[in-house]
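User: Please take me through this model, starting with its aromatic rings and then turning to its core and its backbone.

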Amino acid sequence: MTKKKVIFFFLLIISIITILLIYQKNLEEKKITIEDKIKSDEPAYNSNIIKDIEYTSKDRKGNEYIIKALEGEIDYSNPNIIFLKKVTALINLKNSNNIKITSNFGKYNSSNYDTIFSKNVVIDYLDNNIKSNYLDFSFNRNLMIISKNVVYSNSENILKSDVVEINIETKDTKIFMNEKEKKVILKSKN
């Protein structure tokens, strides 16, 4: 692989990280208005199951985080925690392209917006696609962890690793394997 392609690949990852960090910084610095929209065709009796759930967070600059699920179940021990099924999240940045995240399951904390996506996680941004089995957005820890069979691809490259860890505050990015003897795989599609 040429140096140009490697540099392009890392610049692309840094661009995605920068967009996410800017959005996260705006969430921390600005007062966030939360709208909880719960749609249901059937009344729920004696149950904590919610159908067709949607949470929307918006900052004063107009950036928006929308998380939707086919079904949600409120944790009895902590009503701020909602366990989700068939999850779709959209990060609509006012002055940038949108980021879409889908997964089979999720765990959303309505008090701090931390979200864990699990099983068949797919992140789409422009022509970039990241697949994994686990994605943890933690605003409290200033950390985003993409793990368990991470496969990043775009029109030119494919990267495979066990973990991509991004410190939101410092912008430090670590791409690594869990076992020291294994190597991160980077292949060119050309």
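User: How many aromatic pairs does the structure hold?

Analyst: This is a predicted model, in which local features need pLDDT of at least 70 and side-chain atom pairs count only at pLDDT 80 or more, while totals for chains, interfaces and linings use all residues. Residues are numbered from 1 along each chain as its sequence is written, and side-chain values use heavy atoms, with hydrogens and water left out. Rings of Phe, Tyr and Trp (its six-membered ring) pair if their centres lie within 6.5 Å, and planes under 30 degrees apart count as stacked, over 60 as edge-to-face and the rest as tilted. By that criterion, the number of aromatic pairs in the structure is 2.

User: Is the pair of Phe-117 and Phe-137 stacked or edge-to-face?

Analyst: Phe-117 in strand E6 (residues 115-125) and Phe-137 in strand E7 (residues 128-138) are 20 residues apart. Their ring centres are separated by 6.0 Å and their planes meet at 85°, so the pair is edge-to-face.

User: Is Phe-117 buried or exposed?

Analyst: Buried means under 20% relative accessible area, exposed over 50%, and partly exposed in between, using a 1.4 Å probe and protein chains only. With a relative accessible area of 0%, Phe-117 is buried.

User: Which residues touch the most other members of the largest nonpolar core?

Analyst: A nonpolar core is a set of buried Ala, Val, Leu, Ile, Met, Phe, Trp, Tyr and Cys residues joined through side-chain atoms within 4.5 Å. The largest such core has 33 residues, and those touching the most other members are Ile-67, Ile-101, Phe-117 and Leu-135.

User: Is Glu-71 buried or exposed?

Analyst: Glu-71 is found in strand E3 (residues 64-75). Leaving aside neighbours within four places in sequence, Glu-71 is in contact (heavy atoms within 4.5 Å) with residues including Asp-52, Phe-83 and Lys-85. Because the relative accessibility of Glu-71 is 18%, this residue counts as buried.

User: What is the phi of Asn-149?

Analyst: Asn-149 has its place in strand E8, and a relative accessible area of 54% makes Asn-149 exposed. Its phi is positive, in a residue other than glycine, and is near 65°.

How values were computed. Helix = DSSP H or I, 4+ residues; strand = E, 2+ residues; numbered from the N terminus.
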